[in-house]
Amino acid sequence: MTVRSLSIACDTWPLAKPFVIARGIRTETSTVTVTIEEEGCVGRGEAVASPRYGETDQSVVSQIEGLRADIEHGLSRDDLQTAIPPGAARNAIDCALWDLEAKRSGRDVGTLSSLGWPDSVQTVQTISILSPQEMFAEAQRLKNFPVLKVKLDADQIVERISAVRQGAPDATLLVDANESWSPEVLIASAPVLATAGITMIEQPLPADRDEPLAAYSGPLPIFADESCHTRADLSQIADRYDGINIKLDKTGGLTEAIALLHDGRDRGLDVMVGCMVSSSLGIAPALFLASQAIYVDVDAPALLASDREFGLQIAEGRVSPLNPALWGGKL
């Protein structure tokens with residue numbers, strides 16, 4: 001019988017500066033880390049509880065504790081997919097099991113997943129919702145980043161985008177409204193954004209009120225974030241969106257993320273890989289999907305005031321090589 005030990009830790013990470021989106025402002029982020037040890041090998045996985053989806057650190061820990069006996073007696077990744085619903089708890093366990101399998105098998109996650117080891121990943125850098133003047137200054141600071149994602153709500157859309165475009169005239173710009181627009185705002189804003197050189201709009205309408213997108217025909221592609229968690233969502237959203245943002249805390253881990261990647265592309269949807277505000281440990285598994293995506297948004301390490309040992313570094317949108325000692329490497 002397989003014998004493992006499971007430990008769970010909650011950590012808080014101060015941010016380098018406040019992070020502001022349509023749903024609010026934060027100055028720190030918290031993570032839940034699962035560590036599974038078996039026969040001297042250790043696998044780790046990290047997740048971020050999302051209040052948007054009714055999660056807290058405590059609820060995530062409680063879900064993981066509920067599977068303690070199963071995990072310690074050899075729960076497989078396949079069985080995990082039906083043991084608990086997708087979300088942060090399953091993500092932390094799933095990624096820890098991938099890491100553990102790499103350590104025990106002597107084959108890294110790139111080999112195990114057939115995705116290859118991530119190399120030369122380019123990420124977008126996010127600009128928070130600020131005054132137009134502050135967003136201009138931030139865009140100017142980031143002007144050498146190839147791709148910038150601009151957080152917006154329904155206020156001062158034109159002024160804010162104009163300021164960012166002025167500050168970073170050569171950057172590719174994406175817009176993320178985080179469910180804060182109405183259909184009327186989308187219809188009015190999209191042509192203006194297209195004129196400003198925006199290339200994509202992410203989740204403009206609330207996830208539970210995005211039906212109008214099925215009849216919408218605008219100048220810019222629309223990507224689903226909050227509206228798409230797993231493969232189960234694809235049949236409903238495929239005629240509403242042009243692409244999907246895959247985040248492991250939504251899919252419940254790398255296992256479902258890989259399946260969603262393939263099924264989404266089979267339906268003709270473009271793919272973006274995203275993240276919650278986590279440490280580098282939470283970002284590492286998502287890097288394995290990067291080569292399959294047209295946009296990669298894994299800039300969380302650049303938002304932190306401090307990070308984990310062997311953490312990722314981001315310089316002008318280029319992510320440093322993943323150190324196998326952080327996650328996913330073989331012994």
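Tutor: Cys41 counts as buried, since its relative accessibility is 10%. The model is a predicted one, and in it Cys41 takes part in no disulfide. The nearest cysteine sulfur to that of Cys41 belongs to Cys95 and lies 18 Å away. A disulfide requires two cysteine sulfur atoms within 2.5 Å, and by this rule the count is zero disulfides. Cys228 can be read in the same terms: its sulfur is 16 Å from the closest cysteine sulfur, in Cys275, which is too far for a bond. Cys228 is also buried, at a relative accessible area of 1%.

Next, the helix packing. Two packed helices are described by the angle between their axes and the distance between the axes. For helix 1 (residues 57-66) and helix 4 (residues 88-105), the axes come within 8 Å and cross at roughly 55°. Helix 1 and helix 4 are therefore oblique to each other, and their crossing is right-handed. On the helix 1 side the contact is made by Val60, Gln63 and Ile64, and on the helix 4 side by Ala88, Ala89, Ala92 and Ile93. Sorted by class, the contact of helix 1 with helix 4 comprises six nonpolar residues, one polar residue and no charged residues.

Helix 7 spans residues 157-167, and its buried residues are Ile157, Arg160, Ile161, Ala163, Val164, Arg165 and Gly167.

The backbone has points to note in the loops here. Most residues other than glycine have a negative phi. Gln156, in the loop between strand 5 and helix 7, has a positive phi, near 50°. Gln156 counts as partly exposed, because its relative accessibility is 39%. Asn178 also has a positive phi without being glycine, with a value near 45°. The place of Asn178 is the loop between strand 6 and helix 8. Asn178 is buried, at a relative accessible area of 5%, whereas Gln156 is partly exposed.

Notes. Residues numbered from 1 in each chain as written. Predicted model: local features only at pLDDT ≥ 70, side-chain atom pairs only at ≥ 80, totals over all residues. Heavy atoms only, no water. Buried < 20%, exposed > 50% of the residue type's maximum accessible area, 1.4 Å probe, protein only. Helix = DSSP H or I, 4+ residues; strand = E, 2+ residues; numbered from the N terminus. Axes fitted to C-alpha atoms, helices over the stretch in contact; angles between N-to-C directions. Parallel < 35°, antiparallel > 145°, perpendicular 65-115°, else oblique. Left-handed = near helix turned anticlockwise from the far one by under 90°. Contact = heavy atoms within 4.5 Å. Nonpolar A, V, L, I, M, F, W, Y, C, P; charged D, E, K, R; others polar.
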